[in-house]
Amino acid sequence: MNTASYDVIIIGAGAAGLMCALTAGYRGRSVLVIDHANKPGKKILMSGGGRCNFTNLNSTPANFLSDNPHYCISALKRYTPQHFLDLVERHGIEHEEKAAGQLFCKDSSKEILDMLLTECEWAGAEVRLKTSVKTISGVDHGYQLQTSSGTLTCESLVIACGGLSIPTMGATGFGYDIAKQFGLAVLPTRAGLVPFTLHPELKEQLAPLSGVSCPVDVHCNNEHFREPMLVTHRGLSGPSMLQISSFWHPGDSLSVNMLPATNVEQDLHDLRNSKPQSTVAQYLAQHLPKRFAQALNDVHGWAGPLQGYKNSDIEQVARALDQWTIKPAGTEGYRSALFRTH
Ligand SMILES: Cc1cc2nc3c(=O)[nH]c(=O)nc-3n(C[C@H](O)[C@H](O)[C@H](O)COP(=O)(O)OP(=O)(O)OC[C@H]3O[C@@H](n4cnc5c(N)ncnc54)[C@H](O)[C@@H]3O)c2cc1C
């Protein structure tokens, strides 16, 4: 086979690779994107529950986790959420704001993928699928790649083959291997935005609550997220748990405030005075889904009417609800992580 030459070759036809391809194409460079998968942008299709949360208008550098927090500042200054929104609107894609600043497609993530592929086509960037890379070597003024579709050379080689999350979608550690080959430092990776698994006893106690969600405030390593927590048949998920997972390390405990909008201690004192026969379970049922209230009560073994509770007992109950300490067994790992962090 002959050697084909391009100004830019990009490995990976995901969100990053396609965005890079259209940008380089519009700069007048000849561009080839190669991907070993049979379809481009598979992760875009599954993003945002199938409706792609394509940007966040309130995104700032503080939202990015990095050993070098300055890294994203210039990138975000040069390409803002509004730039991407303008692109989406030029393509007539209908969108809606769910939580503050979070923009989702009204219809389907496929519209975002189609938009990127259309832009690549307009920019003259070629996307070649089912192509695997065997070797990469540095040559004069660029790189040479041995691939399943022949020898390719380029001046600039972009590695956009994604992180390790969801291997069933084609994720590999290929990018890290290439970095190592070219002597670049690679930090240890771990799954981020990932559900927690629980030790058997708590898992069993919470099992009947699978599918139940409630708003909590979860704390770990000086970070906290006040968002819903979802109990699953494997452990804990939902926005609060996914977010805090990026700050959690094996062995750490989570502190979960189950009633963040409530002064539990004051409420229980008041209730003991006004309705001494009330139980903690009844109090919980006023604030949480009924099944959740009962299970939480059972986990802690609270029994009997409040009139039998001393002030110190009430204080203990309040602390257990304000700072429920949960030590996860681990996380679900890359199998279901939304991202990887360093
Ligand atoms: C369930 C889920 C929901 C998500 N929802 C959102 C959301 O709503 N909003 C959001 O912003 N983000 C979301 N994300 C994260 C987002 O999808 C990813 O951050 C983003 O798609 C990563 O893009 P990427 O181009 O870096 O990598 P990828 O999309 O992983 O693309 C990498 C490409 O490289 C290819 N590749 C890998 N190895 C090789 C190799 N050796 N040779 C050739 N090709 C290779 C892969 O086949 C793939 O096509 C979600 C992720 C998941 C898993």
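The second largest pocket is lined by Y143, L157, I159, G175, I178, A179, F182 and L184. The structure is a predicted model, in which local features require pLDDT of at least 70 and side-chain atom pairs pLDDT 80 or more, while totals for chains, interfaces and linings use all residues. Residues are numbered from 1 along each chain as its sequence is written, and side-chain values use heavy atoms, without hydrogens and water.

A pocket is an open set of points on a 1 Å grid over the protein atoms alone, where a 1.4 Å probe fits, with protein on both sides within 12 Å along at least five of seven lines; lining residues have an atom within 4 Å of a point. The volume of the second largest pocket is about 170 Å³, taken as the space filled by probe spheres set on the points, which are joined across faces, edges and corners. At least two lining residues come from each of β9 (150–159) and α6 (174–181), and α6 gives the most, with 3 residues. Helices (H or I, at least four residues) and strands (E, at least two) are DSSP runs numbered from the N terminus. The lining comprises 7 nonpolar residues, 1 polar residue and no charged residues, where Ala, Val, Leu, Ile, Met, Phe, Trp, Tyr, Cys and Pro count as nonpolar, Asp, Glu, Lys and Arg as charged, and the others, Gly among them, as polar.

Across the whole structure, 4 aromatic pairs are found (rings of Phe, Tyr and the six-membered ring of Trp with centres within 6.5 Å; planes under 30 degrees apart are stacked, over 60 edge-to-face, the rest tilted). One of them, Y143 with F182, is edge-to-face, at 5.8 Å centre to centre and 75° between the planes. This pair links strand β8 (residues 142–147), which holds Y143, to the loop between α6 and β10 (190–192), which holds F182, 39 residues apart. Y143 is partly exposed, with 27% relative accessible area, and F182 is partly exposed at 34% (buried is under 20%, exposed over 50%, partly exposed in between; 1.4 Å probe, protein chains only).

The rings of F196 and W248 are also edge-to-face, because their centres are 5.3 Å apart and their planes at 75°. F196 belongs to strand β11 (residues 196–197) and W248 to the loop between α8 (239–245) and β15 (254–257), so the pair ties together parts 52 residues apart in sequence. Both F196 and W248 are buried.

In strand β2 (residues 31–34), V31 and V33 point one way, L32 and I34 the other way, and all are buried.
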